[in-house]
Amino acid sequence: MSKPSKLITKILKHFVGILPFAILVGVSIPIIGMAYIETSKILGIRKIPVEVIGTGSMYPSLFWATNEGGPEDEQKIVVEEYRTTPHLYSLFRGFSFHGHSYFRRQVNYGDMVSFKNSQTAEILLKSDKDPTSGFIKRIIGTPGDTIELRDGFVYRNGKLLEEPYISSPRSTYGGSSLKDCSVITVPQGNYFVLGDNRKISSDSRFELGFINEADIQFILPYAEQKIYHSLWRDTSKDSQLLGQPTLQADEFVSLVNKERAKQGLKNLAIKPSLVKSATSRGEHLLDDDKTNYDLHKAISSFGYNNIVLGEFVSYGHFSAQELLENLLYNQETAKQIRNKDFSDIGVSDVNREIDGCPTQIVVGHLGGYVPASYDPDTIKSWSNLRDNLHEVIPSWEKAVDYHNIDQAKLATLLTIFRRRLDLAEEIIKAMEKKDWLTEAQQDRIKADEEDANTAATLSKELNTE
């Protein structure tokens with residue numbers, strides 16, 4: 001065998017000898033890599049995309065869709081995945097050894113956290129959403145902190161917070177779990193969380209309450225949120241808003257009419273009487289949120305009359321754009337804004353200190369007219385009554401001064417007949433014009449039933465004399 005042949009043979013034998021090892025290494029490296037990736041996710045070293053419900057509550061950092069009342073349309077703009085599906089770390093709780101905890105990730109101020117519990121499930125069910133999905137909010141209070149909401153700002157341990165991440169300044173108002181100007185202390189093992197889009201966020205101010213640390217699954221530390229900084233606000237002038245009104249009613253109505261124009265609807269006209277009724281209603285609500293001075297009493301007090309009526313009430317300070325977005329976010333108030341039957345509007349923001357707490361309420365009153373529609377059989381029954389009375393009255397009038405007839409009873413009968421005839425002619429006229437019956441007319445219709453019974457009794461008695 002030649003020397004080259006011997007060399008090739010030697011190389012082949014060496015290659016065959018190391019082939020199993022090469023195969024083992026080739027197979028092991030991807031497995032080890034995959035294992036490392038998955039382990040790093042579990043240990044909270046590597047971020048993972050987390051599906052949550054309601055990213056609009058964390059706007060502007062996260063995506064707020066137009067179909068939820070927000071300004072962003074995925075069909076028109078490119079939206080990065082980290083805004084629609086946030087990338088967070090698993091909250092690794094470490095391990096304990098001899099009474100000490102190791103490698104435990106701490107939860108701190110400003111961290112974004114994703115969590116789920118019985119309350120999130122209940123809230124999602126009420127909104128017809130997947131109850132197994134998580135919420136995402138921001139850590140505002142940690143165990144032992146005191147939290148107060150005053151004049152739209154957050155105070156932690158008595159200090160006004162600077163919050164560049166929230167969608168608008170002076171937008172944090174109390175709810176069912178924490179009312180304005182009340183101070184609460186965060187319990188051990190719990191956290192106080194808020195959404196960044198405070199005017200639409202369901203968070204610790206409301207039925208969600210405090211969040212137990214055990215319910216938190218994912219986290220993004222505040223220090224690692226630089227990717228969102230370009231979307232955050234300048235907070236240097238926030239404190240200048242303390243105690244200042246924010247709503248421009250004319251601007252708000254203009255924005256409402258632009259929204260209605262998109263739907264092909266007519267503009268709403270500002271009515272001074274509705275502005276007055278909205279102001280009066282707001283004052284009563286600030287005195288007592290269970291007041292019986294309702295929409296109808298307020299509107300009638302200032303002489304406004306119309307058939308279709310509506311009202312929206314919002315507590316807190318709003319710019320015109322914020323108020324519109326807030327109303328469009330809620331299905332019921334969105335229907336009012338887009339209701340074709342409304343033609344008039346009045347908006348008022350009422351500011352007052354209640355027990356030392358700055359409080360504002362915004363009330364809007366809406367009115368419009370829709371022609372009435374009456375069943376033909378109903379109109380026919382009134383026509384029959386009118387025609388019958390035209391025939392009956394003259395025959396009874398002939399008995400006036402007839403000595404065999406009780407003239408007092410006859411006079412009462414004729415009075416009733418003429419009253420019923422006047423009513424029938426008035427009702428027929430209103431129905432034919434498709435006018436709505438007034439409350440006075442409806443009361444007279446109810447009284448007419450008694451008149452009919454009395455007339456029948458008198459007629460029978462007079463006929464037997």
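Select E259, K262 and R338 to begin: salt bridges link these residues in a network. The model on screen is predicted. Across the structure there are 23 salt bridges. The next stops visit several of them.

**Stop 1: D196 and R138**

Select D196 and R138. The two form a salt bridge, with their closest N and O atoms 2.8 Å apart. Now colour by secondary structure. D196 sits in the loop between β11 (190-194) and β12 (211-212), while R138 belongs to strand β6 (residues 135-141), so the pair ties together parts that are 58 residues apart in sequence.

**Stop 2: R205**

Stay with the loop between β11 and β12, and select R205, which is found there. R205 has 1% relative accessibility and counts as buried. Which backbone oxygen does the R205 side chain reach? The oxygen belongs to Y173, at 3.0 Å. Next, show what surrounds R205. Setting aside neighbours within four places in sequence, R205 is in contact with residues including S171, T172, Y173, G175, S176, S177 and L178. L149, F192, L194 and R198 are also among the contacts of R205 beyond those neighbours.

**Stop 3: D238 and R233**

Select D238 and R233. Here is another salt bridge, with the closest N and O atoms 2.9 Å apart. Both D238 and R233 are buried.

**Stop 4: R420 and D448**

Move on to R420 and D448. Their side chains meet in a salt bridge, 2.8 Å from N to O. Which helices does the pair link? R420 is in helix α10 and D448 in helix α11, so distant parts of the chain, 28 residues apart, are joined. R420 has a relative accessibility of 12%, and residues under 20% count as buried, so R420 is buried. D448 is buried as well, with a relative accessible area of 8%.

**Stop 5**

Keep α10 and α11 in view and select W436. W436 lies in the loop between α10 (407-432) and α11 (439-463). Its relative accessible area is 38%, which makes W436 partly exposed.

How values were computed:
Residues are numbered from 1 along each chain as its sequence is written. This is a predicted model: local features need pLDDT of at least 70, side-chain atom pairs count only at pLDDT 80 or more; totals for chains, interfaces and linings use all residues. Side-chain values use heavy atoms; hydrogens and water are left out. Helices (H or I, at least four residues) and strands (E, at least two) are DSSP runs, numbered from the N terminus. Buried means under 20% relative accessible area, exposed over 50%, partly exposed in between (1.4 Å probe, protein chains only). A salt bridge is a side-chain nitrogen of Lys or Arg within 4 Å of a carboxyl oxygen of Asp or Glu. A polar contact is a pair of N or O atoms within 3.5 Å; within protein, one must be able to donate a hydrogen and the other to accept it, and residues adjacent in sequence count only if both atoms are side-chain atoms. Contact means heavy atoms within 4.5 Å.
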